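Me: I'd like to learn how to read the pockets, cavities and ligand surroundings of a model. Could you walk me through one?

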Amino acid sequence: MNSSSPKSRDGFTSSLGVIAATLGSAIGLGNIWKFPSLTGLNGGAAFLILYVVCTLLVGLPVMIAELAIGRRAKANAITSFQKLAPKQAWWLIGAAGVLSAFLIMAFYSEVAGWVFAYIFKAATGALATTDPKALGQAFGDLIADPVQSLIWQWLVLILVSGILIAGVSKGIESLEKKLMPALFALLLVVIVRSLTLPGAGQGLEFLFKPDFSKVTGATILAAMGLSFFKLSVGMGTMITYGSYFRDDQNIPSTAIRVMLGDVLVSILAGIAIFPAVFSFGFKPDAGPALLFITIPAVFNSIPLGGLFVVVFFVLGAIAATGAMLSIVEVPVAFLNEQLGWSRKKATIATSIALAVVGSTAALSNSALANTKFFDKTFFDLYDFASSNVLLPVGGLAICLFVGWRWGGQEFARELTNRESLGNIRVARLFFGLLKFVTPILVFVVLLNGLGIIKL
Ligand code: TRP
């Protein structure tokens with residue numbers, strides 16, 4: 001292990017900074033793009049309830065486990081396991097996480113590219129219509145254009161690299177401290193407009209009145225996958241961020257606050273989007289295109305609406321950026337610490353690799369539209385495989401590591417800040433979940449959702 005602990009390791013400098021950066025990782029396209037489209041596809045409120053249950057029993061415990069591992073080891077996702085379980089194969093969890101980071105970023109950076117593109121399209125009046133057909137066409141044209149797809153993706157990668165090169169405290173933390181409050185403020189503006197639309201009530205009913213008749217094994221797996229994706233767990237992001245936490249940071253209370261903030265933003269995004277969907281006579285199950293068609297349609301129907309469209313996509317861009325910083329930080333921290341590369345070199349190398357892998361997702365609606373595996377384009381494959389396979393498997397492995405290898409004593413020591421916090425019962429509760437409940441749930445939901453067992 002060379003240079004695995006540089007003289008003074010960069011990290012988050014204040015408690016507020018920790019919350020802003022961690023919340024910045026959790027809140028992302030998952031809230032405004034994935035959550036509404038999955039909720040719409042899976043029948044509304046019933047899906048929302050499943051998702052919240054999965055968040056409490058699966059996402060949150062795994063998040064706490066990852067933060068604890070990272071802070072104890074004070075290292076990147078791979079080295080952390082090598083430190084806590086020397087000479088054993090557990091580091092493979094971290095290695096799998098680094099690979100997952102590439103697959104997630106491949107499609108994530110593309111959707112982020114569309115969001116950035118929409119800021120400019122809205123600002124230049126290119127989306128100034130309320131006609132769903134015309135908006136559908138505009139979105140279709142964008143994603144089917146290989147040149148625009150690649151360029152927007154690369155611009156996103158360059159932006160993220162620039163922030164990462166600035167560092168953990170000077171880049172990620174200081175930026176997120178400014179962006180998170182802005183995001184909440186912008187979201188509130190959008191919601192007020194959406195709730196005052198005629199027919200808003202129908203959208204709220206869809207979001208809050210459950211109909212369990214549409215729930216299948218695949219629905220439950222999608223809800224669980226979303227709970228991993230939302231809290232950025234199952235691939236080492238929270239291990240890496242945990243390694244930047246200060247020793248006096250209260251891990252469980254930070255995780256709970258981030259979880260609550262994140263669920264709140266998803267629900268608020270649902271409140272912003274579904275009333276609009278129904279008010280304009282769209283179908284809620286439009287899938288990934290939902291966001292890019294409904295939002296312009298809604299706002300363009302009011303005076304100064306074009307401005308609201310710009311506001312909404314700026315909000316999306318803020319959310320996506322914080323999340324991407326945390327995904328790309330996983331390989332960057334590894335290359336930086338384990339191989340001793342400078343942050344700059346590590347970030348540039350990672351971004352170039354991301355551009356290569358990402359291009360297969362960017363071209364999934366044009367040049368590679370007919371290249372399919374398991375009946376899915378690269379884009380859909382990365383999206384499906386990461387949330388529904390890689391993150392759950394990674395999360396399961398983390399549960400097994402904490403529950404059966406690292407052990408309750410060490411885990412509790414980390415959660416109680418060496419018995420100084422008086423929260424030993426919280427630590428015991430989460431340890432019990434991680435040892436028995438979460439792994440079994442993940443295992444069963446995974447096999448059932450993939451059709452390997454039938455319940
Ligand atoms: N949580 C982010 C979102 O909802 C995405 C994200 C960031 C992520 N880091 C991650 C997903 C790590 C999985 C793993 O948009």
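Me: Which elements each supply at least two residues of the lining of the largest pocket?

Reply: Some ground rules come before that. This is a predicted model, where local features need pLDDT of at least 70, side-chain atom pairs count only at pLDDT 80 or more, and totals for chains, interfaces and linings use all residues. Residues are numbered from 1 along each chain as its sequence is written, and side-chain values use heavy atoms, with hydrogens and water left out. Helices (H or I, at least four residues) and strands (E, at least two) are DSSP runs, numbered from the N terminus. Here α2, α10 and α16 (378–406) each supply at least two lining residues.

Me: How is a pocket told from a cavity?

Reply: On a 1 Å grid over the protein atoms alone, a cavity is a set of points where a 1.4 Å probe fits but cannot get out, while a pocket is an open set with protein on both sides within 12 Å along at least five of seven lines; lining residues have an atom within 4 Å of a point. A volume is the space filled by probe spheres set on the points, which are joined across faces, edges and corners. In this model the largest pocket holds about 440 Å³ of space. Its lining has 20 residues, with Leu38, Ala222, Asp383, Phe384 and Asn388 the closest to its centre.

Me: How many cavities of 30 Å³ or more does a search of the whole structure find?

Reply: The search finds one. The largest cavity has a volume of about 140 Å³. Among its 17 lining residues, Ser25, Tyr108, Phe229, Ser232 and Ile327 lie nearest the centre.

Me: Where does the ligand sit?

Reply: A molecule sits in a cavity or pocket if more than half of its atoms lie within 2 Å of its grid points. The ligand sits in the largest cavity.

Me: Which residues are closest to the ligand?

Reply: A residue is near a molecule if one of its heavy atoms lies within 4 Å of it. The ligand is surrounded by 16 residues, the closest being Ala26, Gly30, Tyr108, Phe229 and Lys230. Helix α14 gives the most to this shell, with three residues.

Me: Which atoms of the ligand lie 3.1 Å from polar protein atoms?

Reply: A polar contact is a pair of N or O atoms within 3.5 Å. An oxygen atom of the ligand is 3.1 Å from a polar backbone atom of Leu29, and a nitrogen atom of the ligand is 3.1 Å from a polar side-chain atom of Ser232. Tyr108 also places a polar side-chain atom 2.4 Å from a ligand oxygen.

Key. Polar contact = N/O pair within 3.5 Å; in protein donor to acceptor, adjacent residues only side chain to side chain.
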